[in-house]
Amino acid sequence: MKRALITGITGQDGSYLAELLIAKGYDVHGVIRRSSTFSTQRIEHLMFSDPPGVTLHYGDLSDGNGLMRLLREIQPHEVYNLAAQSHVSVSFAQPTYTADVTALGTLRMLEAIREVQDVTGRQIRFYQASSSEMFGKVVETPQTEATPFHPRSPYGVAKVYAHWATVNYREAYGLHASCGILFNHESPRRGETFVTRKITRAATRIKLGLQDKLYLGNLDAKRDWGFAGDYVEAMWLMLQQESPDDYVVASGETHSVAEFCDAVFSRLGMLAHEHVAFDPSQQRPAEVDLLLGNPAKAAQTLGWKPAHTFGDLVDMMVEHDKSVAKMEMLIALNGKPEGSALA
Ligand code: NAP
Ligand code: G4F
């Protein structure tokens, strides 16, 4: 049985990847951080299944010794490094922390893999979650694996470091290490401070009278948005190749934030411009104006293509958040159900 270790298993992508690997018969292990409140909502269905689908271990990308110990103990065949301080806006507020976790954290994991491989003589395949944010102020459109990087945020800079560290360990030490340069991917499990989920949560709440306005920053930015559930399959496919390599994973379509708003509000029978207001605090010191990926290499080499369209993604997120808003409405009207976990 193959064993996989996922850092960032409590995040959006970690939860979908864990489901995919379990379905493929893997023994799935995940790294979680200690926190004073639960951070495992996205994987509870995997933790409390019978038998449990995932084994969780405390760890942190800031703790290299801990990572090494985990690799020695688990002896994974594959490591998926999804953990990061992943919020672009937050990275302007916490640049040093972002560099420590997102950039140096990857280096710590690469070092741990190199050491443990040397000692055990067993190969550990490595996946690095690189990002289209590395293209930043884009030099060409669409962006491919050959497009030069011009990051526009401390997060983007940290991801460039982690990307090149991964390439360097592949070239210098022969690690089976691949980078997925993933463009934005969303889902009903997307964190609520990223723009798509912020919009679907707010619009569905506005529809039920639970919220008045949706405050957003730059509506003109364009993103290549896909469905996270499709994108984790590309991660797995990269580690099944004989040779490691880097791949752009994208939908090949781009839409503005304003278009995403229009799509969401119109599905709810409303007009976005009547409910969206400008919040200057949501603007960034430097913006990434346009991202559009060309996933031809992933299609050709990995046989990967997304199963869901932009419209499917919007439908899925709106439907999910309609249910969340309805639940909030019921709780507001009746209080939390007696004896429930919500009480
Ligand atoms: P996410 O939902 O924000 O999840 C991030 C994960 O990293 C969480 O599990 C978080 O744990 C964990 N984490 C944060 N700091 C850590 C640390 N110091 N040590 C260990 N774990 C830590 O992100 P995502 O959307 O799933 O993205 C997954 C990865 O892909 C990230 O590296 C992100 O930068 C990258 N990426 C994402 C996209 C996208 O559009 N989603 C596109 C390109 C690349 P807690 O739950 O404890 O906070
Ligand atoms: O949803 P976002 O915060 O995602 P962003 O910055 O593109 O980063 C995400 O995708 C990257 C891949 O390219 C990942 F690497 C990264 O980890 C993360 O998952 O913002 C999207 C756009 C930006 O242009 C932002 O300025 O939406 C604009 N925006 C406008 N108003 C807003 C808001 N973004 C947020 N988060 N909140 C707003 O109110």
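Analyst: The shell around ligand 1 in this predicted model divides into nine nonpolar, nine polar and five charged residues. Ala, Val, Leu, Ile, Met, Phe, Trp, Tyr, Cys and Pro count as nonpolar, Asp, Glu, Lys and Arg as charged, and the others, Gly among them, as polar.

User: What makes a residue part of that shell, and how many surround ligand 1?

Analyst: A residue is near a molecule if one of its heavy atoms lies within 4 Å of it. 23 residues surround ligand 1, with Thr10, Asp13, Asp60, Ser86 and Tyr155 the closest.

User: Which element gives the most to the shell?

Analyst: β5, with three residues. α1 (12-23), β5 (125-131) and α6 (154-173) each supply at least two. Helices (H or I, at least four residues) and strands (E, at least two) are DSSP runs, numbered from the N terminus.

User: Why is the pair between Thr10 and ligand 1 called a polar contact?

Analyst: A polar contact is a pair of N or O atoms within 3.5 Å. A polar side-chain atom of Thr10 lies 2.6 Å from an oxygen atom of the ligand, so the pair qualifies. Lys159 has a side-chain N or O atom 2.9 Å from a ligand oxygen.

User: Why is Lys305 called exposed?

Analyst: Exposed means over 50% relative accessible area (1.4 Å probe, protein chains only). Lys305 has 68%, so the label holds. Lys305 sits in the loop between α10 (296-302) and α11 (310-334).

User: What are the ground rules?

Analyst: Residues are numbered from 1 along each chain as written, and chains are lettered from A and ligands numbered from 1 in written order. Local features need pLDDT of at least 70, side-chain atom pairs 80 or more, while totals for chains, interfaces and linings use all residues; side-chain values use heavy atoms, without hydrogens and water.

Terms used: Polar contact = N/O pair within 3.5 Å; in protein donor to acceptor, adjacent residues only side chain to side chain. Buried < 20%, exposed > 50% of the residue type's maximum accessible area, 1.4 Å probe, protein only.
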